[in-house]
Amino acid sequence: MRIADFLQGRMFNALVATVVTLLIWSWAYDATRSSGDATGKLSVRAPAASALFVEPATAMNVTVQFSGPRSAIRAAQQVIGAGVELTAGSAGVPSDPGEHTLDLAAILALRPELQAVRVDATSPATIRIRVFELATVTARVATDLADSQVVGQVSIEPEDVSITIPKDALSALPELRPLAVVDTAALERGRRHSVDADVTLWRIPARWADAVRVSPARVRVAFTLRSNVRTATLASVPVQVAAPQAQLATFDAAPASGSEALRQVVVSGPVEAITAIEDGSARVVAVVSLGSDDFVAGTMSRRVAAWIAPPGVTVLRVGEVPASAVDVSVKVSPR
């Protein structure tokens, strides 16, 4: 069959009629009024670059019921599912400072992207918002070094920050105290540090916390931590002799004359422990240990075997002699 004959024949006419019928049926189906619903997130925001803030600051779940053509309902469901952001001062949403109750169905019905459907109801039906008027002030930053002691001055760059805060909060708070909080737990003592720290407002009530903006939000804090380790030179440290109890029953063992104490003993340790040694509430003792073979009458030189000291305290040297190489004269005599 030639194409020209086919195009003029009954089969072609029947095919065209079928296609047209399907198109009309599809259009009629989409145009038929129906109903549907969708759930999504809804939030209310202040206009960009405005001196306003809107609570609640977090988005909330809302379910919207529609009626209208099926195709329009599908489009509306996509709009709600993607989330809706209302702007204070836009159609139906007030921007005056204070508390407001919003009729969500009435407001959503004004949205251009929902004009092809009828918004029948929402859940919740209404929401309450509060619009705050904001003010911006400047304040000097203080530091919180978690009770760490510092040597010299603490510098902060920049020293001042801008604080944007609801006017209600500004008038209610006794002071605005921006704090740069620094965790010093892992920082080395005795040297200077320069760290970036977040700036927070001290004791800002939770109801206003979301509305507060600090600029810049981070500052650089430079400081020198006071060392928690101290070195000291002790004028005198006593010497004790340790020996097996069996030998001490028949011999006396003690430091020889002039060796009862060690002079100029250098120790290092926690500040509190070194202070306790210096004020006499703690002490350091050099211990010389004798074995069974050492119990022969006479004087001998023996190395300090151990140091008794408060926890954390280390004996570094005696004069210029390292603590591990200190010798003491010991006298052994029969009883």
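Biologist: In which sense do strands β15 and β17 pair, and over how many bridges?

Modeller: This is a predicted model. In it, β15 (residues 229–242) and β17 (residues 261–270) pair in the antiparallel sense, over nine bridges.

Biologist: Which strand does β15 join in the parallel sense?

Modeller: That is β18, joined to β15 by four bridges. Ala-242 has Ser-289 of β18 as its bridge partner.

Biologist: And how does β18 run against β19?

Modeller: Antiparallel, again with four bridges. β19 covers residues 298–308. Here Val-287 has Ala-306 of β19 as its bridge partner.

Biologist: Is β18 largely enclosed or largely open?

Modeller: Count its buried residues. Four of the five residues in β18 (residues 285–289) are buried, so the rest of the structure largely encloses this strand.

Biologist: How should I think about side chains along a strand?

Modeller: In a regular strand they alternate between the two faces of the sheet.

Biologist: What is the strand order of the eight-stranded sheet?

Modeller: Read it as β16-β22-β19-β18-β15-β17-β20-β21. The sheet is open and its pairing is mixed.

Biologist: Which strands stand at the edges?

Modeller: β16 (251–255) and β21 (321–322). Each has a single partner strand, so one side of each lacks a neighbour in the sheet.

Biologist: Now β11. Which residues are bridge partners of Ala-180 there?

Modeller: Thr-143 pairs with Ala-180, and Ala-180 also stands opposite Val-199 in β12. β8 (residues 142–144) and β11 (residues 178–181) are parallel, over three bridges. β11 and β12 (residues 192–201) run antiparallel, joined by three bridges.

Terms used
Residues numbered from 1 in each chain as written. Predicted model: local features only at pLDDT ≥ 70, side-chain atom pairs only at ≥ 80, totals over all residues. Heavy atoms only, no water. Pairing = 2+ DSSP bridges. Helix = DSSP H or I, 4+ residues; strand = E, 2+ residues; numbered from the N terminus. Buried < 20%, exposed > 50% of the residue type's maximum accessible area, 1.4 Å probe, protein only.
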